[in-house]
Structure formats: C-alpha cells, structure tokens
Amino acid sequence: MLQLPLLLLKRNASPPATLPFLFAERLCRNALAFCFSNRTSFAPNSARSSSTVSTRPPLRILFCGSDHFSATSLKALHQDYLQDRRSIASIDVVAIKSKYAGRGLKTLKDVPIKSVAKELMLRVHEISTFTGWEPPNPTPGQFFNLVIAVSFGLLIPRRILFGAEYGGINVHPSLLPSYRGPAPIYHVLLNGEPFTGVTIQTLHPTRFDHGKILLQSQEVPIPQGTQYNTLHDKLAILGAEMLLRTCRERLFVPPATFVNSPYPPSEAPKIQAEIDSRIRFNEQDAREIERRCGALTTLWCKLGEPELLDRRKRVIFTQLSVWSEAKQGPVRKEFTAEGEPETIKSRMRIKPGTWHFQQTKGKIGVMLVKCRRGWIQVGGLKIEGKNLTHAGEWARSMVANARGPWMFS
C-alpha cells in the first residue's frame, strides 16, 4: 500500500448532495439504506467507523483513465481490491482506443493505462467516444455503482454518471478551483507557483473540473528548479492515497459534506508544444527559461548569423539551468558573438541570444547564452539535421575554429 506522511485535509459542511439515480427500484433501495444507516460526522484526519463502512455494499468501479498519473490510482485501487473484497467487489477499466502515431502514422500507440490494466488482469473497454456505448454489468444482475475518472480526457455523460448509484468522482492535480483543465502540472511550473496540491471532486455532467470538492490536500511546496516528472510523480502518489481514503470512507455517499476551497479560479489549458516551448531570449529572463525547461523538458530556438534570418537553423536545447555568478563564478568570456574580447563596457551591451564558452574546472566547459536578464547554462544541444551533442563541446569547437558570429534567437 502506498505510504505518505499524514495529511491535513480540509472538510467543511455543505448542503446534502442529491441522489443521482435513474431507476425507481435503485432509488428506493438506497433511500432505505440511508434511513437505516448510522452515519456519523468526523473531524479532519479521522475515519468513519469500520462497522459503518463494512455494512455498505462493496464498490463496483468503472475506472476511466489514460496516462501514468491515472495508472498510479488504478494500482492503488487494485491493491485494496485484492486485500478486501468487502470494500471493492470489481474494477473495470475504460481506455481511449489505440491510435496510430509517429512519422507517417505507422505505429499503433496504446495509452499506458491499457497495459497496466492488462498486467493487473482487469477487464478493459476501449472506446473513442461515449456515444452509443453502454457500460456492461460487472456481474450478472448488478450495475457499476461508482465511476472514477483520473486524467481521462473525455467528458463522462450524464446518463452514465446518473446510472451509477454514487455518481462519479475525479482526482485532479491542483487545488481547485485553481488550474481547472487538462494541464495543471505544466501550468503551475510555467507560472512559477510556490505550491500546488490535489483535489478529489465529484464529476460534473456537462463541465470539466466543476464538481463539488470532497477532499483537498495541504499545499505541496514546489522548490525552485523542480522538474515536471518529479512533481507529477509526487502528486500521482498523493492523489492515489487520497482516492483510497475517499473510497474507504465513502465520502461520496449522500449526504456528503463538501470543501469550501479558498483558492481563486484559474485555467490550465492544453499545452501547445510548438508555441510554449519556443525560447525568446530578448523577452525572457534566465529564470523563466529554466522553469519552462523544467516543465516541458526540451525547448527550441533558431541559430544563425544575425543578418541572414532566412538561413537560420532550428536548435533544440535540453538541461537548461540559471548560471549563478555568485555561486559558480563570474562569466569570463574569451569570445563573444561579436568576435571581440569582453570588457566592462562591452558587457553592458551584450545582446540577448549571444552565446559564450565558459571554461570550468571540468575538462569540457559549458556554454552560456545571454537572456533578457541573466545567463542560461545549456546542457544539450541538437542542431537541425545533426545529432544531440554536449553544448559545451559544441561551443569549445566553435571557439577553437574561430567560427562566428552566430547567435541564438
């Protein structure tokens, strides 16, 4: 089972949720169950009594997911399913149909959740749309009673949500209503947010990320220089643990209590790789470029002679970090894009996009590029038509062969 430090989880009273039932017999059955249940209130971090939870019918889950973030939650649920069938009776997985990808669209690419579900020997239903699709019964004569969507990408229609006894819930990697949308982790990194978190919400039948909040984590700090994968994995584990608590304690069972979130609404739209990964040295400072590389892994720009814009080549940068003169030493430049030694006077007029080779204690040295403010150190460099190379080696070769003046733009 996933282990995490104890969380302070916020819960505030709100009006009872409506019962989303389609069929009259299901409505009557659940009304009787509610009348005779001994449901008690509880404080943050407290659990409902095991006797109360154990008397409820086990969950029959329809899990909708796609990527590695959702796979973490699926594995956690499956572990609970193996340990206690009284809590979870079945899990079926809905995945987006495999699509052809790559050059020429010749490679059939599966979403990660599909292979994970098969490894766990769970039944998988592949769809491209919910139109005309009806969820099968997990066992004869029984229906799914809970829909769980984690990083799925399709809006689950009203008829499926209301056909489930407990409706649907979602794991979202932000402190809603901040960063609603498909790319919250990217945007908190791009915007340099100091913290983020995870929210468990109900599924809204017509809008993404507009459900009622059942559970919300403490603020998760984002240290400077955090990489996307590091934050993604941390939030995936946190989300899985919160999902387990939500299911074990049946926080979605009416009358549910909801969280009044203090965070402001904002959006996290889908990332446009070609636009968002473009470096503009004359507009961006070194810290912003470092953040963008941490979120998107690779960035790109153009390289060539300043006067020959039509002959510039595309360049991909990897492993970008701010060069701190206080910690790593002053920038001592033997060569500039203008082809002259640096002086104090010339240092004041260095143009953004100018690159320099910096000799360090290591044998290779490093390449630095001037930004609107500060210098960025480049780890890897791939020029259009060539292989990825160490940026320091490329810069040293350019200096040794007196090639230039070339600039990045």
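Predicted model: local features only at pLDDT ≥ 70, side-chain atom pairs only at ≥ 80, totals over all residues.
Now the helix itself. α4 runs over residues 112-119, and its buried residues are Ile113, Lys114, Val116 and Ala117. They span an arc of only 165° around the axis, so they sit on the same side of α4. Turn to the face pointing away from that buried side. There you find Lys118 and Glu119, both exposed. After α4 comes Met121, with a positive phi near 60°.

Next, α12, residues 391-400. Here Ala391, Gly392, Trp394, Ala395 and Met398 are buried. Down the axis of α12 they fall within an arc of 160°, so they line one face of the helix. Their cover includes β12 (298-304), β14 (355-358), β15 (366-370), β16 (375-383), β17 (389-390) and β18 (407-408).

Trp394 leads us to the rings. Which residues share its aromatic cluster? Phe317, Trp355 and Phe408 do.

The count of aromatic pairs is 8. Take Phe317 and Phe408: edge-to-face, 5.1 Å centre to centre, 70° between the planes. This pair links distant parts of the chain, with Phe317 in strand β13 (residues 313-323) and Phe408 in strand β18, 91 residues apart. Both Phe317 and Phe408 are buried.

Last, charges over rings. Arg85 lies over the face of Tyr81, 4.0 Å from the ring centre. Arg278 lies over the face of Trp300, at 4.5 Å from the ring centre.

Technical notes
Residues numbered from 1 in each chain as written. Heavy atoms only, no water. Buried < 20%, exposed > 50% of the residue type's maximum accessible area, 1.4 Å probe, protein only. Helix = DSSP H or I, 4+ residues; strand = E, 2+ residues; numbered from the N terminus. Arc of directions from axis to C-beta. Contact = heavy atoms within 4.5 Å. Phe/Tyr/Trp six-rings, centres within 6.5 Å; stacked < 30°, edge-to-face > 60°. Lys NZ or Arg CZ within 6 Å of the ring centre and 35° of its normal.
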